[in-house]
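Visitor: Hi! Could you walk me through this protein?
Guide: Happy to, let's have a look together.

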Amino acid sequence: MSDAKSSEPDQQPEKPDIRTGWGRFSIIWLVPLVALIVGGWLLWRDIVSKGPEITVTFEAAEGLSAGKTAVRYRDVDVGQVTAINLADDMEHVVLTIRMNADFSDYLTDKTRFWVVRPRVSARGITGLETIVSGAYIEVIPDKSGEKARQFVGEEEPQFIPDEENGTRFVLTAEELGSLGEGTPVLLRGIEVGEVLDTELDANADGVSIPIFIRKPFDALVKRQTRFWDSSGIALDLNAEGFSVRAQSVRSVLAGGINFYTPPAHENDEMATADTVFRLHESLEKAELLAEGYSQRYMLYFDSSVRGLSRGAPVEFNGIRVGTVESVDLEYVVTQHTFRVPVEVTLEPERVSIVGGRLGDVDPQETIETLIDNGLRARLKTGSFITGQLFVDLSMHPVSPARYLGNQEGNLPELPTLPQKLDEIANSLTSLLEKVETFPIEEIGIRLLGTVEGMENIVTSPALNNGMISLQQAAAGINTLVTNLDASVLPATQTALDAAREALGGVRDVTAPTSPVRYNLEQALKELGATARSLRELTDFLEQNPSALILGKSGPEENE
């Protein structure tokens, strides 16, 4: 052992490899270090990526599950339901939702949540995709409000209008009818918008209906645009008959609103956002010139107005010039009578002006002139099937103006005339009254006495005797006529023959060749010569009267 030790060189023990600084760090420590760094980074990322935790209250949690139900915006997950619990009142459910951190700034009191699930509503059938994927929560962020962490979810899907895609307007109406959120706004039957909400006015006098109309159709809405309710099937029974109107199937089921702009205002500027329009009950109402000049008048009738209703037309010569606004009943205490005031609206712009402009004519002055010339109002039957009435304005220059309201109301009064049937009834009544004044009983008694007297005359013996005598006289006349035929007529014929023969003799005597006539002419000639001789003699004697004594001297003496 000692030899072995003596033969080995004197060797010094090697110094240990003592490392200082990083040289003492073993690479093995990198593993836990990297693991620690990665774990810390994951922890930091998890802490940083987690957004705020909020709570949303719904009426029920149908289709929702903790850890599964997502919160989406534009189909992107922005949160997840982490817990579902009942509220303290046991009437709601409270969802605890962990939102993404980048969504934190959008969680304000104006942010809205609702559950998307299969629904059938006014907007149609929505949420069909959730049948497979399951319900989820839709969120609409809004940074304009104040930050909030507790929300009340909407039970129905919400339509959030985007001002860049359309314009919001407000309609007002007396009744809401069948309109509701999602009711379509139609233009010529095409859906161009929808109802956003329905609100009761603060004074409960009507309802406000905000609507949203998409671009570019919102540019068609002018200040003079008119909206009307076209919901369901309109069955209209009026003075013009029976009519049925309906828009799209959706408007029949969920209601609808239509609008149009009068041609005269189509080039006007677009109405600004939140402009308030009136929602009319029907197209006929919307067509009324509500924005143009109109004048209200009062009519009074003293007969039945059954069949006359609000909205009935006011016509002049068959052309509509106005509308019946109201029909009431009044009792006049001082007269102890009833009367029916009918308020109407006349629209002068419906009448074309010839030889001037409407602005140059004073409508009220024109109406007064027409009344002086015979303008009268009368109720007429528009349809004998429906029995509906309308107000007819026409000229009756002969009929005096009749003011049953004595022109004492707040509105100017138009004179009225009774209905034709009333006039006929009044005429019949007047005739019956006159007939009632006749002494019919007295006339009857006298007529009966006359008949009795005639009967006595007819049945009297004197009349019978007279008739017998008349018959006898007639028989005598017949006998006389018979005798005349037998005796008088032959003698008459003989006399006529003799007269005819005598006349023939006279004709022979007076003929130019008759000797008698010749002799007579000769005798007449001789008689004429004698007359001339006598005339000469008398002339001579007048000149020579002494010739009667001395005789006629010779020609020598006379010379």
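This is a predicted model: local features need pLDDT of at least 70, side-chain atom pairs count only at pLDDT 80 or more; totals for chains, interfaces and linings use all residues.

Guide: Residues are numbered from 1 along each chain as its sequence is written, and side-chain values use heavy atoms, leaving out hydrogens and water.

Visitor: How many helices and strands are there in the protein?
Guide: The protein has 12 helices and 26 strands. These are DSSP runs numbered from the N terminus: helices are H or I with at least four residues, strands are E with at least two.

Visitor: How many salt bridges turn up in the whole structure?
Guide: A search finds 14. A salt bridge is a side-chain nitrogen of Lys or Arg within 4 Å of a carboxyl oxygen of Asp or Glu.

Visitor: Which residue does Asp 274 form a salt bridge with?
Guide: Its partner is Arg 168, with the closest N and O atoms 2.5 Å apart. Asp 274 sits in the loop between β18 and β19, while Arg 168 belongs to strand β10, 106 residues apart.

Visitor: And Thr 275, buried or exposed?
Guide: Thr 275 is buried because its relative accessibility is 11%. Buried means under 20% relative accessible area, exposed over 50%, and partly exposed in between (1.4 Å probe, protein chains only).

Visitor: What does Thr 275 touch?
Guide: Leaving aside residues up to four places away in sequence, Thr 275 touches Arg 168, Phe 169, Val 170 and Arg 223. Contact means heavy atoms within 4.5 Å.
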